[in-house]
Amino acid sequence: MKILFSGDVAWSSGREALKKAIPILKQEHGGFDFIIINCENAAHGKGMTDKIFAELISYGVDGMTSGNHIWDKMGFYPTLHAETRIFRPANYASSCPGRGYGIIERKGKKLGILNLEGQIFMPPIDNPFLCADVAIEELKAEGGENLPIFVDIHAEATSEKLALGYYLDGRVSAVVGTHTHVQTADEKVLPKGTAYLSDAGMTGGHGGVIGVKYESVISKFLDGLPTQFEGCDKDLAFNGVIVEINEASGLAEKIMRVQLKT
Ligand code: FE2
């Protein structure tokens, strides 16, 4: 099983880069069984809308993970609640709309998706490690012991992400980080067969500061006054990862970082 995952798709530039990158990567790599993206910054940098959800699906996306910004546009809550192809971090209160994990299907294949969020330098939420234990047990009860499972850990600290990788090693197919918008170069298959990368990076405009025009970010750092951020439309690129999974074992065979200028 071959999975293409995009790190945070940021602003309209991110959607444009994704639209261009998917057909190129499909051709280069002989197609994918599943295309997953982190969509939390897809709508004007914060959250999601129904229109953008449909747009991303039309590009060939099979599933979406998210993070802290998924709550920013309240008009999307009904879709977040009803749609089975989009996930929000599982370690928020159960009263929050949406689901944190589930199984998506395409052409007779099944993939478990688990979305978690870190606790370090992030809003106060439940422990992602303990939440993962419950989620993985439920996913395997539904999809079988060797169900391929992709985990997006949306977090700031690489230490927390890597510790989670080792904690889940051998129990899931991949643990890939998002949220920092900067791709790390530490991809590896961990000793018990889980593919790992601290951060997949950002699909969007790389000529600014993590997807935002740098002028508005510098001004914020100079005087701390509220600033109207604008999406960066320079140096568009896809950032993500390709993971190959042995379907018999549900464990990873290969992980490869992807950076594609579009
Ligand atoms: Fe985030």
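F150 is buried, because its relative accessibility is 1%. This is a predicted model, by the way. So who sits beside F150? Let me go to the aromatic pairs.

The structure holds five of them. One is F5 with F150: the ring centres are 4.8 Å apart and the planes meet at 45°, so this pair is tilted. Now look at where the two residues come from. F5 is in strand 1, residues 2-6, and F150 is in strand 7, residues 149-154, so the pair ties together parts that lie 145 residues apart in sequence. And F5, buried or exposed? Buried, because its relative accessibility is 0%.

Next, a cluster. Ring pairs link W71, Y77 and Y92. Find those three on the model.

The ring belongs to Y167. The charged end of R171 sits over that ring, 4.8 Å from its centre.

Now to the surface. Which residues form a nonpolar patch there? V182, V209, I210, Y214, I218 and L222. Together they have about 560 Å² of accessible area.

Take V209 from that patch. Where is V209 placed? In a loop, between strand 11, residues 202-205, and helix 6, residues 214-223. V209 counts as partly exposed, because its relative accessibility is 32%.

To recap. F5 and F150 are a tilted pair, joining strand 1 and strand 7. W71, Y77 and Y92 are linked into a cluster by ring pairs. R171 has its charged end over the ring of Y167. And V209 is one of the residues in the nonpolar surface patch.

Note on methods. Residues are numbered from 1 along each chain as its sequence is written. This is a predicted model: local features need pLDDT of at least 70, side-chain atom pairs count only at pLDDT 80 or more; totals for chains, interfaces and linings use all residues. Side-chain values use heavy atoms; hydrogens and water are left out. Patches are made of residues with over 30% relative accessible area and no salt bridge: like charges are joined within 9 Å, nonpolar side chains (Val, Leu, Ile, Met, Phe, Trp, Tyr) within 5 Å. Accessible areas come from the Shrake-Rupley method with a 1.4 Å probe; for residues, only the protein chains shown count as cover. A salt bridge is a side-chain nitrogen of Lys or Arg within 4 Å of a carboxyl oxygen of Asp or Glu. Helices (H or I, at least four residues) and strands (E, at least two) are DSSP runs, numbered from the N terminus. Buried means under 20% relative accessible area, exposed over 50%, partly exposed in between (1.4 Å probe, protein chains only). Rings of Phe, Tyr and Trp (its six-membered ring) pair if their centres lie within 6.5 Å; planes under 30 degrees apart count as stacked, over 60 as edge-to-face and the rest as tilted. A charge sits over a ring if NZ of Lys or CZ of Arg is within 6 Å of the ring centre and within 35 degrees of the ring normal.
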